[in-house]
Amino acid sequence: MTLKDGRMGGSPQSQSRESESEDAIERAIDETIRRYFMRHEPSPRVYARAISAAQQPSAPGRDRSALRSWIVAAASATAALLLVNIAIHYFGVVAARAASDIDGRTGPFLLWLSSTSLARWINESETIFGYSGILFLHTLGLAMAVGASVVVDLRMLGAASRISVEALLPLFRFMWIGFIVNALSGAMLFAADAPRKAANPLFEFKLVLIAVGIAVMAMMERSLLKSESGAALADSDRRLTKLAIASLVIWTAAIAAGRLVAYTV
Amino acid sequence: MESLHTFAIWLKSTDASWLVTHHGWVWATCEALHFVGMSILFGCIGALDVRMLGWWKSPPVAGVNALVRWGVLGFLINLVTGVVFFVGEPLQYVDNPAFRFKMLFLVLAGWNVLMFYVTGVADRIESLEPHDDTPFSAKVFAGTSLFLWVGVMFFGRMLPYLGNSF
């Protein structure tokens, strides 16, 4: 009896609730379209949030995640800079000590590398194709690789939301070109000053940071490729946000470490 | 030129200048921030440039335009840190030919941005959808912008080699 009652009463009730939530979704869509035409740039995330809010009106505090990720990103970047600065003093001392006994620690490979004609030419060339030109290429590659990463990261954190996430994929090509330019120019700069660079712990720290940074970007690219082939992006959205924050922090730290290599050697 | 020298010598004698050069971390932190700001500026402005040139056609122009304010943030970071360098060691910049070229390219890049908005090209392309081609005038502005910013970067990097800065 109660079962029957429940079934009989429940069916039209749940139907009306369904149509009610459908109305709410319609209203959310209308609202989103209205804001689109008023150029308020609703992001896919805002859109998804409006629909999910209409579906479960009782879920509180859902729209705070964007603000929170901004605060986390800003705080992490500041923390990374501060940490790297504290590290300067430590590394500076270690680097000075390491530089004072290079001769005792330089292996045969490093000695051979710094004696090659390429290394000597890089060091001695007075033209733009020598050390200074290679250093410029290293800076240009940095701007390309980190610049493209920054654009992807900003988009993941909610900026420029009218760029669809899939549309970001061609940017990774610029990032990889920048990375290759920097790997080659970096190898040449290393060859020009191999024993001292190898003795500098800050240089190893920089290489580790770059390896992690590139791995993070490769993970992002793979997630985007997967989402383009049909899988829902909503599940990986939080993961992408975290990767974006990690990327910003790691590139900031890598740049700081790279700059400090120039000051501690 | 004479007054520029007098100004540089006066600047060097200020407490602010002493502060920059007598704490190693100030210069090192600003160097790191200068490169971070450069990456943000080059990434965001470069993104709009490659969209206009047609090398990255998948987003709508208005979407990429929203990145320009972040490029401005990168520029402001570099303006502040650049001023710190100048205050710290004004004498190594005033006579440096690389520094003068950098400033020239910077002014030209600013002029290019101004013209981009004043001539109405920016408004004309604002409504372009994904995969739309931009007009030739927009491509000229984009190419000029890329050339000038790479030039700024080049002469910045050449400060120690064409001149005497570090």
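**Helices, contacts and cores**

Author: Let's start inside chain A: the axes of helix 7 of chain A and helix 8 (residues 171–192) of chain A come within 8 Å and cross at roughly 150°. Keep in mind that this is a predicted model.

Reader: Is helix 7 of chain A roughly parallel or roughly antiparallel to helix 8 of chain A?

Author: Roughly antiparallel, because angles over 145 degrees count that way, and these two cross at roughly 150°. The crossing of helix 7 of chain A with helix 8 of chain A is left-handed.

Reader: And what kinds of residues make up the contact of helix 7 of chain A with helix 8 of chain A?

Author: That contact has 20 nonpolar residues, seven polar and no charged.

Reader: OK, switching topic. How many residues does each chain put into the contact between chain A and chain B?

Author: Chain B gives 32 residues and chain A gives 31 residues. On the side of chain B that touches chain A, the elements with two or more residues are helix 3 (24–53), helix 4 (61–65) and helix 9 (136–157) of chain B.

Reader: Which helix gives the most to that side of chain B?

Author: Helix 3 of chain B, with 15 residues.

Reader: What does helix 3 of chain B pack with at an angle of about 70°?

Author: Helix 7 (residues 131–156) of chain A, and the two axes are 7 Å apart. That angle makes helix 7 of chain A roughly perpendicular to helix 3 of chain B. Their crossing is right-handed.

Reader: Which residues meet there?

Author: From helix 7 of chain A, they include A:L142, A:V146 and A:V151, and from helix 3 of chain B, they include B:F35, B:M38 and B:F42. The contact of these two helices divides into 12 nonpolar residues, four polar and no charged.

Reader: What about the nonpolar core: which residues touch the most other members of the largest one?

Author: A:V151, A:A257 and B:L67, in a core of 91 residues. There's also a second, separate core of seven residues, with A:Y131, A:I134, A:F136 and A:L189 among them.

Reader: One last thing: where is B:N96?

Author: B:N96 sits in the loop between helix 6 (91–94) and helix 7 (97–118) of chain B. B:N96 is partly exposed, because 19 other C-beta atoms lie within 10 Å, and a buried residue needs 20 or more. B:N96 and B:I9 are 87 residues apart in sequence and 15 Å apart in space, C-alpha to C-alpha.

Terms used. Residues numbered from 1 in each chain as written. Chains lettered and ligands numbered in written order. Predicted model: local features only at pLDDT ≥ 70, side-chain atom pairs only at ≥ 80, totals over all residues. Core = buried A, V, L, I, M, F, W, Y, C linked by C-beta atoms within 7 Å. Buried ≥ 20, exposed ≤ 12 C-beta atoms within 10 Å, placed from the backbone. Contact = placed C-beta atoms within 7 Å. Helix = DSSP H or I, 4+ residues; strand = E, 2+ residues; numbered from the N terminus. Axes fitted to C-alpha atoms, helices over the stretch in contact; angles between N-to-C directions. Parallel < 35°, antiparallel > 145°, perpendicular 65-115°, else oblique. Left-handed = near helix turned anticlockwise from the far one by under 90°. Nonpolar A, V, L, I, M, F, W, Y, C, P; charged D, E, K, R; others polar.
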